[in-house]
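Here are my notes for you on this chain, point by point. Have the sequence and the 3D view open while you read.

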Amino acid sequence: MKKFSVLSFFLIIVGLCACVSCGYLISTAIVTSNLFQYTSVVSCDDQTVYAISMKSGATETELSSFKQELQAQNGAGYICEKDGKFYLIASIYENFNDAELVKNNLQASGIETEILTIELEESNVEGNFSADEKTILTNCLKSKIETFKELYDVAISLDTNVFDKTKAKLECNTIYSENVSTKANFDTYFKESNNKTLQSLQSALTETNDCLSNLISENYDTQNQTFSSLIKQTYCKILLG
């Protein structure tokens, strides 16, 4: 009986070792294969913003003279096309109530305006991404709307004399630097990607950086354009361009 017990114990130990070895081999095969990999989606929700239109017309040319006047008065003077019609935009607001308040104030001064509701579509990227890659992609997808919010705050601070022009420029420099870093992080991981969605995102990041570079270089659109107008025009280009 003693010999049989020792033999049985030995066989049990050998069997357990075999199971552990097989389990290790199977788990290694799963990790190194694509069998249980899945596609994750990194997304940015759709957004709605509200633009104040000072004038509208059938052609962009009709609004050109009014554009210069508006830019001299701190308005964006950005001309956009929507549903086959052109609109001269003074500014964009994240909340409808803010846009409506501005519209009512202008109306009280005898100036008729129109609020345009602008839908910014949801954006997403599919793929097998690490945690770091997901974080970078999330920041990139949110870049436009977050940059708009930051520039909007600077413009409001400048208009209400919370910032002087020098302080506003410094804030714009910081926003530009943040966006350069965001794009550099993207390029580190995805610059050589053949994914069309990623390529489109790369182009959008480049366009945003170009707009911000134009802002901090103070490349004014018209001779009498103010720096506040240039900030507003910049975030209009980033969101609507």
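This is a predicted model: local features need pLDDT of at least 70, side-chain atom pairs count only at pLDDT 80 or more; totals for chains, interfaces and linings use all residues.

1. Two strands count as paired if DSSP finds at least two bridges between them. Helices (H or I, at least four residues) and strands (E, at least two) are DSSP runs, numbered from the N terminus. With that in hand, look at β3 and β4: they run antiparallel and are joined by 5 bridges.

2. Residues are numbered from 1 along each chain as its sequence is written, and side-chain values use heavy atoms, with hydrogens and water left out.

3. Now zoom out to the sheet. It is open, has 4 strands in the order β3-β4-β2-β5, and pairs in antiparallel fashion. At the edges sit β3 (78–82) and β5 (114–120), each pairing on one side only. From one strand to the next, the twist averages 50°.

4. Which strand does β2 (residues 47–57) join through 7 bridges? That is β5, and the two run antiparallel.

5. Helix α5 (residues 143–159) touches β2, β4 (85–93) and β5, and its direction makes about 65° with that of β4. Helix α8 (residues 227–240) touches β2, β3, β4 and β5, at about 115° to the direction of β4. Contact here means heavy atoms within 4.5 Å. Axes are lines fitted to C-alpha atoms (for helices over the stretch in contact), and angles run from 0 to 180 degrees between N-to-C directions.

6. Next, helices on helices. Two packed helices are described by the angle between their axes and the distance between the axes. For α6 and helix α7 (residues 196–216), the angle is about 155° and the axes are 10 Å apart. The pair is therefore roughly antiparallel; the cut-offs are under 35 degrees for roughly parallel, over 145 for roughly antiparallel, 65 to 115 for roughly perpendicular, and oblique for the rest. By class, their contact has 12 nonpolar, 8 polar and 2 charged residues. Ala, Val, Leu, Ile, Met, Phe, Trp, Tyr, Cys and Pro count as nonpolar, Asp, Glu, Lys and Arg as charged, and the others, Gly among them, as polar.

7. Compare helix α4 (residues 131–141) with helix α6 (residues 165–190): they pack at about 135°, axes 10 Å apart. That angle makes α4 oblique to α6. Residues making the contact include Ile136 and Leu137 of α4 and Phe186 and Tyr189 of α6. This contact divides into 6 nonpolar, 3 polar and 2 charged residues.

8. Finally, two serines. Is Ser157 buried or exposed? Ser157, found in helix α5, counts as buried because its relative accessibility is 14%. Leaving aside neighbours within four places in sequence, Ser157 is in contact with Val162 and Phe163. Ser130 lies in the loop between β6 (123–127) and α4, and is partly exposed at 33% relative accessible area. Buried means under 20%, exposed over 50%, and partly exposed in between (1.4 Å probe, protein chains only). The C-alpha atoms of Ser130 and Ser40 are 9.7 Å apart, though 90 residues separate the two along the chain.
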